[in-house]
Amino acid sequence: MVLHVTQSVEALEQYCATLRAAGLDAPWSRPGPLIEPKKTRVEPRLWRWAEIEPLLRRSAEFVTPERGAERRILRLANPGVPERTSTHTLSVAVQYLLPGEVAPAHRHTPNAIRFMMHGRGAYTTVDGDKCLMAPGDLVLTPSMTWHDHGNEGTEPVIWLDGLDSPIVRYLEALSGEPHAMDRQSTGYLAGLSERRFGVAGLRPTWVPPGTGPARLIHYRWEPTHAALLRLAELEPSPFDDVMMEYIDPATGRSVLPTMGCYIQMIRPGVRTRAHRQTSSAVYAVLQGSGTSVIDGVRYEWQQGDFFVVPPRALHAHANDDADPAILFSLQDVPLLTALGLYREEG
Ligand SMILES: [Fe+2]
Ligand SMILES: [Fe+2]
C-alpha cells in the first residue's frame, strides 16, 4: 500500500473542515494530549456563621410564606464553581423556617440530607414517617422519596440542606414533582424507620410494601455523639483524628450512593497529618474551634462556620483549644468509590 503523506497546512485545515461537517473531530490535529487534563474549579473557602446568620434571618423579609417558605435557603456558593454550588458535586445550603411554616411535600431525583442546627419543633416527613428533628439529628431523603417539612415549635429553626443535585444535573437525570397534598398523611407510628432499622445488627425480616421508608432515615444526635466519645478513647486516625461515617445499618454501606455523611472530633491539642483525597468535602463546625490548612492556606474556624476542601487539596486540621472540636461533613466519597476513582494519599 502506498501512503501519500501531505504536510500542507491548508490541506489539513480543509480536511478538518470536512470532518466537522461530518460530525467528527481529530484531537490529534491540535497540540497536547488526546484527553485534555482539567484542573478543579472548586476553591477552598470558609463561610463564617457570624456573617451567615443575620443574612439568613433577614431573608424572611423577602421570602414570605406566600412566596414559598421552602425556598428560603442560602446556598454556600463556591467562588470557583459557575453553577454556584458548594463543590462540583455537592450543593449545601442553610434553610430558615419560621414557627408555623410548612415546606410542601414533593419528591425529586436528587438525594438530599438535612442536618438540624438550631431550634426545636421542626419535622421532616419522609414517605409518611414523621421525624422530629432535634439539633444534631441527621435525616435522609433518598432519591424520589416523598418529603415535607414544617416548624411546629415556637422559635425559628435552621438546618443544613445537602444535595447531590450538581451530579444529577450533570447526568441530565433531574426531575421531580409536587405531592397532591401539602403535608403527607402520617398514618404510621412516628419514628417508623427507627423502630424497624434503628438497632445496629438487627433488621426486620419483613416490611410490608408501601408502608413507610424501607430503611433507616433518622440518625439522632445522642447515640452519634456517644459513639464518637467512645471511639475517642481508642487509637485515632493520624489524618482525621476521631471520625465516623454514618451508614445504612441494614447494608453497612454509605447512607447515600453519591454522598457520605461523617462526624468527626478533633481532640484538644491534636494536629492531624496532612492528606489529600480525590473527593470533595463540605464541613460544618458543630462545636469548638480550630484551624485547617488547605493547600497551604490557613482557615480558622469556630462553631457555626462552614468550609470546603476541594478534590486533591492537601489538608490538615488542628485544635489548639481546651475543648474538643466537632465537625459534620458531607463528602462525595461514595460516588468516587463506586466509580473506582477514590484515592487517598498521606
Ligand atoms: Fe426536596
Ligand atoms: Fe480528609
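I count as donors the N, O and S atoms within 2.8 Å of the metal (3.2 Å for Na, K and Ca); water is not among the atoms, so sites may look incomplete.

**Ground rules**

I am working on a predicted model: local features need pLDDT of at least 70, side-chain atom pairs count only at pLDDT 80 or more, and totals for chains, interfaces and linings use all residues. Residues are numbered from 1 along each chain as its sequence is written, chains are lettered from A and ligands numbered from 1 in the order in which they are written, and side-chain values use heavy atoms, with hydrogens and water left out.

**Entry 1**

H275 is buried because its relative accessibility is 0%. Q277 is buried too, at 11%.

**Entry 2: iron ion (ligand 1)**

The other site I checked has H106 (NE2), H108 (NE2) and H147 (NE2) as its protein donors, 2.2 Å from the iron ion. Their sequence pattern reads H-x1-H-x38-H. H106 comes out partly exposed at 23% relative accessibility, while H108 at 14% counts as buried.

**Entry 3: the whole chain**

I take helices (H or I, at least four residues) and strands (E, at least two) as DSSP runs, numbered from the N terminus. On that basis I get six helices and 22 strands for the protein. The C-alpha trace spans about 80 × 55 × 50 Å along its principal axes. Of the 346 residues, 47% count as buried.

Next I went through contacts, meaning heavy atoms within 4.5 Å. Among contacts with a separation of 6 or more, 73% involve residues 24 or more positions apart.

Then I did the surface, with accessible areas from the Shrake-Rupley method and a 1.4 Å probe; for residues, only the protein chains shown count as cover. The protein exposes about 18,300 Å², and carbon and sulfur atoms supply 55% of that.

**Entry 4: helix α5**

Which residues of α5 (221-231) are buried? I find W221, T224, A227 and L228. They sit on the same side of α5, because they cover an arc of only 135° around the axis (the arc being that of the directions from the helix axis to the C-beta atoms). On the other side, E222, P223 and R230 are exposed.

I also asked what covers the buried residues: the cover includes β12 (218-219), β13 (242-245), β14 (260-266), β16 (281-287) and β21 (325-331).

**Entry 5: salt bridges**

Side chains of opposite charge can pair when their charged atoms come close. My rule is a side-chain nitrogen of Lys or Arg within 4 Å of a carboxyl oxygen of Asp or Glu. The count by this rule is 16.

D305 is in the loop between β18 (297-302) and β19 (306-309) and R48 in the loop between β1 and α2 (49-62), so the pair ties together parts 257 residues apart in sequence. D305 is buried at 2% relative accessible area, whereas R48 is partly exposed at 36%.

E53 and R57 pair at 2.7 Å, N to O. Both lie in helix α2, four residues apart, or about one turn of the helix. E53 is partly exposed at 25%, and R57 is partly exposed at 35%.

E177 and R107 meet at 2.6 Å, N to O. E177 belongs to strand β11 (176-178) and R107 to strand β4 (102-108), so this pair ties together parts 70 residues apart in sequence. I also noted that D137, E194 and R220 are linked in a network of salt bridges.

**Entry 6: a nonpolar patch**

For patches I use residues with over 30% relative accessible area and no salt bridge, joining like charges within 9 Å and nonpolar side chains (Val, Leu, Ile, Met, Phe, Trp, Tyr) within 5 Å. L12, Y15, W28, L34 and I35 make a nonpolar surface patch of about 610 Å². I placed L34 in the loop between α1 (9-21) and β1 (45-47). L34 is exposed, with a relative accessible area of 61%.

Definitions and conventions
Buried means under 20% relative accessible area, exposed over 50%, partly exposed in between (1.4 Å probe, protein chains only).
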